[in-house]
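Please look through the structure below before reading my numbered points, which concern the aromatic side chains.

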Amino acid sequence: SVKLFGFLQIIFACGDPKAKPSYLVDKNLESVVKFIVRKFPAIETRNNNVSSDNVSELLNTIDACQVFFDVTVNFDLTKNYLDLVVTYTTLMMLLSRIEERKAIIGLYNYAHEMTHGASDREYPRLGQMIVDYENPLKKMMEEFVPHGKSLSDALISLQMVYPRRNLSADQWRNAQLLSLISAPSTMLNPAQSDTMPCEYLSLDCMEKWIVFGFVLCHAVLNTDPAALSLWKLALQSSTCLCLFRDEVFHIHKACEDLFVNIRGYNKRLNDIKECKEQALSQAGTMHRERRKFLRSALKELATVLSDQPGLLGPKALFVFMALSFARDEIIWLLRHADNIQKKSTDDFIDKHVAELIFYMEELRAHIRKYGPVMQRYYVQYLSGFDAVILNELNLSVCPEDESIIMSSFVNTMTSLSVKQVEDGDMFDFRGMRLDWFRLQAYTSVSKASLGIADHRELGKMMNTIIFHTKMVDSLVEMLVETSDISIFCFYSRAFEKMFQQCLELPSQSRHSISFPLLCTHFMSCTHELCPEEVRPRNQCLSLCNMFLDEMAKQALDFISLQLLPKHCAKTISQAVNKKSKKLTGKKGEPEREKPGVESMRKNRLLVTNLDKLHTALSELCFSINYVPNMVVWEHTFTPREYLTSHLEIRFTKSIVGMTMYNQATQEIAKPSELLTSVRSYMTVLQSIENYVQIDITRVFNNVLLQQTQHLDSHGEPTITSLYTNWYLETLLRQVSNGHIAYFPAMKAFVNLPTENELTFNAEEYSDISEMRSLSELLGPYGMKFLSESLMWHISSQVAELKKLVVDNVEVLNQMRTSFDKPEQMAALFKKLSCTVLKRMTIIGVILSFRSLAQEALRDVSPVTTLILANTVAMNVYELSSAAGLPCEIDPALVVALSSQKSENISPEEEYKIACLLMVFVAVSMPTLASNVMSQYSPAIEGHCNNIHCLAKAVNQIAAALFTIHKGSIEDRLKEFLLASSSLLKIGQETDKMTTRNRESVYLLLDMIVQESPFLTMDLLESCFPYVLLRNAYHAVYKQSISSSA
């Protein structure tokens, strides 16, 4: 029957529409295929008798030997005989259901003829069989007439077993079936039965034996009441049986069609109709109640065994009975839910089936975990009890061959010891079980010297011993035999639906892990005779992946944030309005719930929505944390990693989402608000560690580190790219447009009063606290990216400045040699195109913003700063800059400007252009005095048009350019001061419009020197009298006081 089962697998694969051979769907071969089918089998069929095949020969031999069959005595022989009959019947029925069977066989034969010059020698027999078995059951009813006696005897032996297995839930409950605690005094007594292997025999298997068996030997139904009773009971329990995988056999319809043309079978037809009505009306309810009972029974069993695993020894039979009962009920539900024949479907929808599967998996896990405990118990049982009882069994006549086998049984069991278990020895009782099978065959024939029919106690004793041996060496095989539900692989739609129902029902979500665990069963649904079948493997892996993925997603859907600081604004506003409305007597708005109200309880029965979410989250986390990993077809799945992965994805999306960036309106959350949100989110996520053993710190590190880069691992924008873009394109652009100014006294950018008000307050995004928050969010890597982006903008401005220098190079060369000639300098200055200061101011603004960012970074990462401050290395300046430490020469600016390469310009020319650029800036400074916005404000320690930023621009650009060109920074800045002495000519101007902010511009020179690490006040004194600076400070402060007054 093992080979027949393999053939079933192959035939089923042929009938799979998805696996249909390409030649059957080829349009070019369509006419050929039709011709072959029409002429099939196209051979002489008169002498092709198919009754001489192996199965028929074996059945004839059994009849000739008049073999005694009784499932309670010679269990293995009877079971294998009935399996052979049913598998053979199933094979023929499946073969008849393959529509293309004639085309496939016919094409094979033609291909064989073309290749070998002759037909396959077995083709005539096979072709005749296909023709004869067009109606397989009808043909087999004729074929099994000679085998009726043996088959009916084997089936009738089920009369004590099948009815006992097919009881109602109430009868189970009254008998306290499977309960270990119902009789505490007998808890340690071994579970015994005269029919041990029948106790966990599949109900589905017995029903197939009974239905198919009595169809093949239907005459006995009219003569034997026991046979009729068994048959009717099977017909009342189900409406369909499993042929193979998801192929089913509709019992009542098929039986009616077979019996309707047989004379004298009106009673049987009436029996079928009555049984069908009873099956449709009562079977669903009966099985539903059974599942309900088994849920509580298996839960009790699993709970007791987890606390006292030693009970797995004496009560192993109960465990395998429980697994078998549950497996039968689950398979019945799956099969009938997919083939409903009644209007009401309530009995076929079970939202609690996950719980039953879960307890099955829990019992399976106990057996796998405590296998050595069971081995130790049954090794002692076999050697200390079974061997003694078998040896004392007094057989009146025991022939020599049988005596040798019996003695070998006793010797094998006597030689066992607990030390073998402790040493980890491998046990193998397959030889002993095979000898018992042989002994059953020897003693079951009619002329046997030792007839097992006369020595039933021997059969019952040996059946018990065989069960005990399986507890030692075949626990895994026993688990497959009693609890394999790999059939779910072929009901994928129902499988997924059950999973979704499980997630939707809060009380069942803790059992959702049973669905991925069930996928580990699928490895047992393939056969070695059909190794090329990949559908179960692919289906299994995709389903397991989908289940774990959905569980992780569902867990995260229960997390919500309502404690952000901004949510209190409405509460505060409502409180203020409430006071004013009391005066007017108007009814106020309904009060908002305050944080913490969810924890207030009037009584313990009150359950809030947050309680339900919390419970659902903890239940689902229990499921995800249930097993560390599971192996499915050589693939290891780790449920916690799915949760970790989704946490990373959700955390990433949440962080980016919490920036509330709107590209159209250029709105974005304040860094401090985002930082608070992120910290709140992290606090919530940290609580998950209370339920699942995951490293949430790893999640934070992975996500937050990715957010310090331009793009994350999925190629999506990060907060680093969003904030960098916003500060460059929105805030700093508005500074360039004159709507925002940098206030050094406040260390922030501030909105200026303009006609068109800005949609944001610059100070709320650029003050010290916001920049520190930004530094904490972006980290050193993110701030480095921000810095590099700022430097790119500066380098583009420097490139434009160089173009201006090249355009004015002749005039600048002349001015460079005429610093001591005021009249000539004035004449030459009129020839210059003066936009250089605007670009230099933009550079200064950008550098000022970068200075704020660097200072904030230094404040939030003091440990890193301390380490780098004591580091001596080649790239110490770059390391220091990355940590926020100030440097005399900005390495980032040097790198940015070094990347500029002008075509057809030599290094000497580049150096000369850099020198002239500084001259250009210096000689252009007097023009600032005429600008009304150039007035210096002591309150902000700067100018409203940001020209105070020129100090930083001049120093940083000079240091970077002359570092690149290996010039003397100090000498070039001295030259700059010398060129700046042209500011003195403003004092000689008589035009008030030209000199209105003269003093404010004078102060720029002092700022440049104060900002520079290369210049001193002594050097400034030699070019520009300090008395003028002192008077300028006095004047601007006096003017500020009068303006305030």
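Are Tyr727 and Phe849 buried or exposed?

1. Tyr727 is buried, as is Phe849, where buried means under 20% relative accessible area, exposed over 50% and partly exposed in between, with a 1.4 Å probe and protein chains only. This is a predicted model, in which local features need pLDDT of at least 70, side-chain atom pairs count only at pLDDT 80 or more, and totals for chains, interfaces and linings use all residues. Residues are numbered from 1 along each chain as its sequence is written, and side-chain values use heavy atoms, with hydrogens and water left out.

2. Rings of Phe, Tyr and Trp (its six-membered ring) pair if their centres lie within 6.5 Å, with planes under 30 degrees apart counting as stacked, over 60 as edge-to-face and the rest as tilted. By this rule there are 35 aromatic pairs. The rings of Tyr727 and Phe849 form a tilted pair, because their centres are 5.1 Å apart and their planes stand at 35 degrees. Tyr727 belongs to helix 32 (residues 719–736) and Phe849 to helix 37 (residues 836–860), so that the pair links distant parts of the chain, 122 residues apart.

3. Phe849 also pairs with Phe749, and this pair is tilted because the ring centres lie 6.1 Å apart with planes at 55 degrees. Phe749 counts as buried because its relative accessibility is 0%.

4. Ring pairs join a cluster whose members include Tyr723, Trp726, Tyr727, Phe749 and Phe849.

Terms used: Helix = DSSP H or I, 4+ residues; strand = E, 2+ residues; numbered from the N terminus.
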